[in-house]
2 protein chains.
Amino acid sequence: MTSELNYSIIAVNDLMVFVISVFKQMGCTEVDSKLAAEVLLKSDLRGIDSHGVARLSGYIRLWEKGRINTKPNIKVLRDKTSTATLDGDAGLGLVVAPRAMEMAIEKAKTCGSGWVAVSNSNHFGIAGYHAMKALAYNMIGHAMTNASPLVAPTFSKERMLGTNPICYAIPAGKCGPVVIDMATSAAANGKLEISQRKNQSLPLGWIQTDDGIETRNPHGLKEGGSLLPLGSNRMMGSHKGYGLSAMVDIISGVLSGANFGPWVPPFVSFLEVQPNLPGKGLGHFLGAMEIDGFCDVEDFKSRMDRWIERFKISIPIDAANPVIIPGEPEAEFEKERIISGIPLIIDVVNDLKKVAIHFNLDHPF
Amino acid sequence: MTSELNYSIIAVNDLMVFVISVFKQMGCTEVDSKLAAEVLLKSDLRGIDSHGVARLSGYIRLWEKGRINTKPNIKVLRDKTSTATLDGDAGLGLVVAPRAMEMAIEKAKTCGSGWVAVSNSNHFGIAGYHAMKALAYNMIGHAMTNASPLVAPTFSKERMLGTNPICYAIPAGKCGPVVIDMATSAAANGKLEISQRKNQSLPLGWIQTDDGIETRNPHGLKEGGSLLPLGSNRMMGSHKGYGLSAMVDIISGVLSGANFGPWVPPFVSFLEVQPNLPGKGLGHFLGAMEIDGFCDVEDFKSRMDRWIERFKISIPIDAANPVIIPGEPEAEFEKERIISGIPLIIDVVNDLKKVAIHFNLDHPF
């Protein structure tokens, strides 16, 4: 079933210039175009190939359908000392979420923590970008978002929830930060897309058919099936993955005034927007907690180093596969790709070439 | 392998009176004894039989070892508008955590949210008790704690993390609250204990041997094995369960000044306290967010009702197993058991009888 994929390597700066030019063509300001491109490329840099420029044409498709406002007037709906809610005015999540995170960080500076719910937004790229913004301020960053309804709750065969990611970014000392950035489904949709492109059968436990039977068919999701929550089935704890996903949906969607559950306006092209929406756009939740709000910063960092160093040497089952610190593989990708460039599979390169031709733009492909 | 278990039904009030008398014998004040008993019995009431009076003798064992201070002087180590850290002075987690949650709620009243880290504590019962305290104030409650090192990170065969539970309690309108209360391991230790008592083989994916091989042996954990993180193996997403557990450990343990990872002082009797501890006791993290800090409370509640009602009717795989709203089964247990009493298995009854004899107390068994 497997077939090898071909890659083109594109220099980060060339790709950045191109992506900025695309967002400008969509009507974003210079500042917003740079920000959106930075968020999108952070994903490619960190090795999360599914959430980077591979999604650029998806954003364009939504914009062409009138679902993205590239000149948003972001409004503050509610503002307390440590909490706030923003209306993203249908802007790019790539632009709206960083504004919300800035606000959370400012609040954390004044009172120890800041929490900002966002409605009326769109796909915000990787949660990691937003949460990691807090690190430079010696804060723990937190980001979550609801997303296209693709995941079935435990016992259901209906697509009710998104892959609803959760991210925590935690600073450390001489060791790198710990960054936990995860979909609350057994497998992220991006992983599935890779298997689809390779026409490679899936492990059981990732998806089920529209009859609720676990399947290895890589096209099963588009054929009416659904993703399974983290835990895959009831016995292995899928009710926990479902619970986490529900929590993300409620705090990002219900609390903010956005849509939630099966009403979240889909990013994927094979789903339609539902009628009788209960809210606006999709929702995010961004948070920042100052380390200094709880303990001495230097003491915390040296304790984090001890945590990381101890976990690194926890006894491996197989010496060839040592224990991984969350966020470390992504940090290594970033260090490497910033120098060597970003490998893009041919499907993505062709997709980006089409974008370049469509907008009549110079391109590096 | 299965054998039927026999139960005794004990009236809630009788059990409460007995448990209060035990805590008094341990030297707790009247107020603390009532609080500790209330927290412990909440678990039995909600059907989480593993975390209630079944653990009473465990608390006594720790107290006899000098690891629990029944007259704690809880100290505020740091206090900002929305954040704080407490030193629990080796008190019962059953008493320390409610004080921390009260503080979080008070902070949320003044600035929209409150977050309290706790060091130098002990086992706090079910996370749900603490998070649910926020509901009466129209707040979202959050509780987590680190715990006895029993879980191996992905790729490891070493016990490094606790079952590190996470709870979110979210108010609703005419529907009950949504309460997500879950261990971040594939199966909680309590579930394992039930299989041990029944001598019932485990599903694969719950635990592994000390060689890192998945096993069905219900005694495998005590024989040197480890619990597996939620997701069970790398392909099914155990790195996500490990990541969540790491987050709980860091925010509850590293941030608060408590012990963390393999150094968390164990509650289970088959593990010893480690040398060269990096902190004090174990750690919790309690939080509260005012709904009014984000949106109109009544509007939120009616949106939550819509969420709950929609999820309840999501298409089931099998009509006999409808989709469950997190927290609903526990609420039903509570409604029933408050009237009909609490069923205790004979092992637990015998254990409690021994306690009664040890302290020369009247008992209802």
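**Notebook: helix H8 of chain B and its surroundings**

I looked up what the buried residues of H8(B) pack against, and found helix H7 (238-254) of chain A together with E6 and E7 of chain B; helices (H or I, at least four residues) and strands (E, at least two) are DSSP runs numbered from the N terminus. This is a predicted model, in which local features need pLDDT of at least 70 and side-chain atom pairs count only at pLDDT 80 or more, while totals for chains, interfaces and linings use all residues. Residues are numbered from 1 along each chain as its sequence is written, and chains are lettered from A and ligands numbered from 1 in the order in which they are written.

I then listed the buried residues of H8(B), which are Phe300(B), Arg303(B), Met304(B), Trp307(B), Ile308(B) and Phe311(B); buried means 20 or more other C-beta atoms within 10 Å of the residue's own, with C-beta atoms placed from the backbone. Seen down the axis of H8(B), these fall within an arc of 140 degrees, so they line one face of the helix, the arc being that of the directions from the helix axis to the C-beta atoms.

Next I turned to the interface, where 66 residues of chain B are in contact with 66 residues of chain A, contact requiring C-beta atoms, placed from the backbone, within 7 Å. H8(B) gives the largest share of the chain B side, seven residues.

Finally I checked strand E6 (residues 166-170) of chain A, which runs antiparallel to E7(A) and is joined to E7(A) by five bridges; Ile166(A) stands opposite Met182(A) in E7(A).

Note on methods
Contact = placed C-beta atoms within 7 Å. Buried ≥ 20, exposed ≤ 12 C-beta atoms within 10 Å, placed from the backbone. Pairing = 2+ DSSP bridges.
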